[in-house]
Every structure is written in structure tokens, then in C-alpha cells.
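I opened this structure to look up a few local features. My notes follow in the order I took them.

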Amino acid sequence: MDDRIQPVLDLYHERMRAERSAPRVEAPGGRDGGHDQRMRAIGPETGQLLNILARSLERPTILELGTSFGYSALWLAEAARARGGRLITMERHDYKSAHARKMAEQAGLAACIDFRVGDAVAMIGELGHKVDFVFVDLWKDLYVPCLEAFYPRLNPGAMIVADNMIRPGTEDVKRYARAIRALPGMSSVLLPVGTGLEVSRLESVLQAG
């Protein structure tokens, strides 16, 4: 990480520590009420793995489902910039996306990020091109609908990483694991990194044929 990115990551890390030490409070209006200030961010170990995987691809188009406040976007955008690619990150709430954009600008990465706000499944359907890497980290009941939407838009050799597969390990994420492992040409493994990552790859030969 360069000298502009690391201080921004450190700000996120400080916020994470404060959040995890404070009592958990439900936001007014619930998850879609537009007032939720909890980051629920991946940790640095997961961020580093995302960065390594995305950096293995040449000129990747990276799709992030669940921008939240923008922590994981920095790891993905740094990889995209390093490999001549770009990041498309999707978020339900504009106030979260706006914060993520501000932090990305501070880190010098905003130029390689396309911030989109709205319904993830609908926005995936509007993509005019295919993608090489997908990070799935939004509300768990949307994992399977999003998978169904982005699977036809994967390039040969594309990678998919889904978070929270061990913790909380809900029925929704179990459905996702079963669904992605049943797809033609897909190889998948569960890794005990962070809260659990399902890392999948679409085989090039089968997809290309």
C-alpha cells in the first residue's frame, strides 16, 4: 500500500476497533432505513487476500456487491489500479456510497472506482459488459439472487469471493454455497479467513466452449 492509502486504512481500522468495543445498537428503521452507521467491515486479513487474488488477474473488471462505507473497496481498487483494471462497487444507500467515495478520494483511488447506488440485482442486470472478479458482501438473503444475476456475466477464469460464510453461517449463506458449487464449470473452496470466505473460480475451458 502506498503512502496515501495506508493512512486511510488506518482511519478505518480505528473506527472498526471503536465499533467492536461499543454496545451493538439497532439502527432506526432497520437495515434499509438509511440510518445504519455500523461498518460491518471485513478485517485486514480478508482485505489482503482480496487484494492478492484480484492482483492475479490482468486488467480485471471487479464487481463489489455491498460497498458499505468503503473499506473493502480500497483493497480491491488498489489491485485494480495495479493491474490496469477498474472496480464497480454497488451499494443500496447513497450516504454510505458518498462516504466511501470521500475516503477513496483521500486515498487517491477514486479515479478507478465506479460507484453505483441502488438495488444490486437490478444494477447487475444493467451491466453492459462481463466481469472478472466478484466480491459478495451484502445482505445474506441477496447472495443467491445476485449470484443468479452475475453468473451469466462472468468472463472465463473469473473469481468470486463471498464473505460471512462461517460467521454468522446463516441458512442464506448455506444456500449460496450449495448454489455456486452446483453451477457448471465452477470450482469452490471454503477458507477460514476472517468470518469465512467461499472462494470460487469459473473454469476457462467450460465457459469458453
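**Entry 1: Asp-36**

The model is a predicted one. I then located Asp-36 in the chain: it sits in the loop between H1 and helix H2 (44-55). Next I checked its side chain. A polar contact of 2.3 Å links the side chain of Asp-36 to that of Arg-40.

**Entry 2: the largest pocket**

Arg-40 came up again when I turned to the largest pocket. I read its volume as about 1,100 Å³. The lining has 46 residues, and those closest to the pocket centre are Arg-40, Asp-137, Leu-138, Trp-139 and Lys-140. H5 gives the most, with three residues. I also sorted the lining by residue class. It splits into 17 nonpolar, twelve polar and 17 charged residues.

**Entry 3: S2 and its partner**

How many bridges join S2 to strand S3? I counted five, and S2 and S3 (residues 113-117) run parallel. For one bridge I noted the residues: Leu-87 has Ile-113 in S3 as its partner. Last, I looked at the connection. S2, helix H4 (residues 94-107) and S3 form a β-α-β unit, and the unit is right-handed.

Terms used
Residues numbered from 1 in each chain as written. Predicted model: local features only at pLDDT ≥ 70, side-chain atom pairs only at ≥ 80, totals over all residues. Heavy atoms only, no water. 1 Å grid on protein atoms, 1.4 Å probe; cavity = no way out; pocket = protein on both sides within 12 Å on 5 of 7 lines; lining within 4 Å. Points joined across faces, edges and corners; volume = space filled by probe spheres on them. Helix = DSSP H or I, 4+ residues; strand = E, 2+ residues; numbered from the N terminus. Nonpolar A, V, L, I, M, F, W, Y, C, P; charged D, E, K, R; others polar. Pairing = 2+ DSSP bridges. Right-handed = clockwise from strand over helix to strand, strands pointing away. Polar contact = N/O pair within 3.5 Å; in protein donor to acceptor, adjacent residues only side chain to side chain.
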